[in-house]
Amino acid sequence: MHLIDSLGKSDKIEYICNHHEQATAMAAEGYSRMSEHIGVALVTTGPGGTNTLTGVMGAWLDSIPILIISGQVQTSQLSDGTGCRQIGDQEFDIVSTVQGMTKYSKRIDNAEEIKYHLQKAYYEATTGRPGPVWIDIPLDVQSKNIDVNSIPSYEKSYQPPSPSKEEIDAVIQAIAASRKPLFVFGGGIRRSPGAKTNLKKLLERLKIPAVTGPHSAVDIVNESYPEYCGRIGVLGQRSANRIVQECDLLISVGSRLNIKMTGYKYQSFAKKAFKIIVDIDENEMNKFNIVSDMKINSDSNEFLFSLLSSSTLSCNSVQINDWRKWCKEQRAKEQYVFSKHRKYIEYASNYCFVEGLSKTVPENVPTITSNGSAHVITLQTMKLKGDQRLFTNVGCASMGYGLPAAIGTCIANSKQKTICIEGDGSLQMNIQELQTLSHHQLPLLLFVINNGEYLSIRLTQDSYFNSMYVGTNVDSGVSCPNLKKIAYAYDLKYYCIRNNSEIEEVIKKCLDENRPVVCEVFTNPKEKHEPKVTAVLNDDGTFSPGELTDMKIEGEYYE
């Protein structure tokens, strides 16, 4: 109550009201990703707090700094130590609940401790491996008057972990000896101040081939770098997977190398390579699917800066020329859209749609995706230009993420044009945020993939359960509303793409708008996510993982 009142009186803070706390947490994450600063959300007690949990989980798993501030009943109505489940109205111990998904969480029982704990929360959220933090403030504590200058502060300097001289020397020696070096860059580059600048310097100096994950940090390195080799993993690109399996030196910087990147047959990941893993979190380097030869516990920028500062750093260009040439030959074979996708007459292909976006979207327009086809196909196949931003939530990959995250991104991007790609089913999770979009008249272009189904579920049931559909489409118990009517109900401009021939023309019309737009893309309900490394379902119910290089397109030939 008092926090909301004070927020309304503030002339220094602009607030954006969502209609659901889940959306608020996701919007704060989108804001943080785009601004590369912290996102802040304010919610009420009880259900207000618990509604945020999926968004907080996403920020936790993807290492995004956000601060959640929640109201709480007054301290005299807390059930602490009583054995009761609840005493105050809507009272709930949210701090204990979020401890497993926050770097720091604290209920403020003494008003004079607020400065200390706010500063500590900010410190924890933004230093080391970033992540969400939570401050819970009871009503009577909110009402107290304080002298900000006389109450305790939290003061702590941060020194990020850095590599030793011996480690840097070993890396340089490995680069000098390598005939087929390959960098893997992850989200830790963007989370580490200064790292992007030093990464650019490193690539210009060494000209070593580089890859990213299929969903994580795809906008760290892109097609603008001449030695870019794509996105690796079970949902990555075939040429990229072939390259990672042929390299003799793999240096991973700031990537947790999640299992979708290494493949579920992780023992064979980069099996010919000497693997050097650089990560700020020692636990990530010690997990079961990372089989490394050298582990360096370091902040990404500290590692890159130390490497660049060495006078002995060099790469024998002649020595790796054949490798560069071979990588480029593999990349030249990479196809994003296949002939069967282009033949669609009654529908648009997701692949053709993403190709159209790649051609028409300007570099300064960020793209945010939700999950399912919107997530998989876009982040696998979209080509980026310059500093163009493209992201989704990877670790949680929640349905409903796209729209609120895009709203937060648009706000962080000075309310400039922003693109969001959502699924028709996913949109239902946070459809109420269409009103937030409408209310603020944000220039957000919302492309909704309408495939008439929950396609990811359908593809699993097709692959492993003899096409026994449950909770997949109209015939198996689930349906979505008429989006055109929904758009009009929210007073939003509506467009649609019904087949491949309309894609580029309609996208350009949407880009010409300077207001919120909903564009429905009618795609083939049977279109698969391809190429993809697939597992085999055994008779005993277990799965046998496939090789990273075993990626096929049904009905197409690929050398």
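This briefing covers the overall build, the nonpolar cores and selected local sites of one protein model.

The model is predicted; local features need pLDDT of at least 70, side-chain atom pairs count only at pLDDT 80 or more, and totals for chains, interfaces and linings use all residues. Residues are numbered from 1 along each chain as its sequence is written, and side-chain values use heavy atoms, with hydrogens and water left out. The protein has 24 helices and 18 strands. Its radius of gyration is 25 Å, close to the 24 Å that the globule rule gives for 559 residues, so the protein is as compact as a globular protein of that length.

**Terms for the fold**

- Helices (H or I, at least four residues) and strands (E, at least two) are DSSP runs, numbered from the N terminus.
- The radius of gyration is taken over C-alpha atoms, and the globule rule is 2.2 Å times the number of residues to the power 0.38.

**Overall build**

- The C-alpha trace spans about 70 × 60 × 55 Å along the principal axes of the protein.
- Of the 559 residues, 56% count as buried. Buried means under 20% relative accessible area, exposed over 50%, and partly exposed in between (1.4 Å probe, protein chains only).
- Contact means heavy atoms within 4.5 Å. Among contacts with a separation of 6 or more, 75% come from residues 24 or more positions apart.
- The protein exposes about 24,300 Å², and carbon and sulfur atoms supply 49% of that area. Areas come from the Shrake-Rupley method with a 1.4 Å probe; for residues, only the protein chains shown count as cover.
- The 59 positive and 64 negative charges have mean positions 6 Å apart. Lys and Arg count as positive and Asp and Glu as negative; His and the chain ends are not counted. Each charge is placed at NZ of Lys, CZ of Arg, CG of Asp or CD of Glu.

**Nonpolar cores**

- A nonpolar core is a set of buried Ala, Val, Leu, Ile, Met, Phe, Trp, Tyr and Cys residues joined through side-chain atoms within 4.5 Å.
- The largest core has 60 residues. Those with the most contacts inside it are Val171, Ile175, Phe183, Phe185, Ile251, Ile276 and Phe303.
- Leaving aside neighbours within four places in sequence, Ile175 is in contact with Leu206, Ile208, Leu249, Ile251, Leu313, Ser314 and Cys315.

**Helix H4 and its cover**

- Helix H4 spans residues 53–61, and its buried residues are Leu53, Gly55, Val56, Gly58 and Ala59.
- The cover over these buried residues includes helix H2 (21–35), helix H3 (47–50), strand E2 (66–72), helix H5 (94–98) and strand E4 (133–138).
- Ser63 follows H4 and has a positive phi, near 60°.

**Backbone exceptions**

- Most residues other than glycine have a negative phi, and most peptide bonds are trans.
- Glu36 is not a glycine, yet its phi is positive, about 55°. Glu36 sits in the loop between H2 and strand E1 (39–43). It is partly exposed, at 38% relative accessibility.
- Asn466 also has a positive phi, near 55°. Its loop runs between H22 and H23. Asn466 is exposed, with a relative accessible area of 76%.
- A cis peptide bond joins Glu530 and Pro531, with omega about -5°. Pro531 is in the loop between strand E16 (517–522) and strand E17 (536–537).

**Selected sites and their contacts**

- Gly471 is in the loop between helix H22 (455–464) and helix H23 (483–489). With a relative accessible area of 30%, Gly471 is partly exposed. Not counting residues up to four places away in sequence, Gly471 touches Tyr454, Ile457, Ser476 and Val478.
- Tyr266 is in the loop between helix H12 (259–262) and strand E9 (274–279). Tyr266 is partly exposed, at 21% relative accessibility. Not counting residues up to four places away in sequence, it touches Ile259, Phe288 and Asn289.
- Leu390 lies in strand E12 (residues 390–391). Leu390 is buried, at 1% relative accessibility. Leaving aside neighbours within four places in sequence, its contacts are Val218, Asp219, Thr367, Thr369, Thr378, Leu379, Met382 and Leu384.

**C-alpha to C-alpha distances**

- Gly471 and Leu313 are 158 residues apart in sequence and 56 Å apart in space.
- Tyr266 and Val291 are 25 residues apart in sequence and 8.1 Å apart in space.
- Leu390 and Pro138 are 252 residues apart in sequence and 39 Å apart in space.
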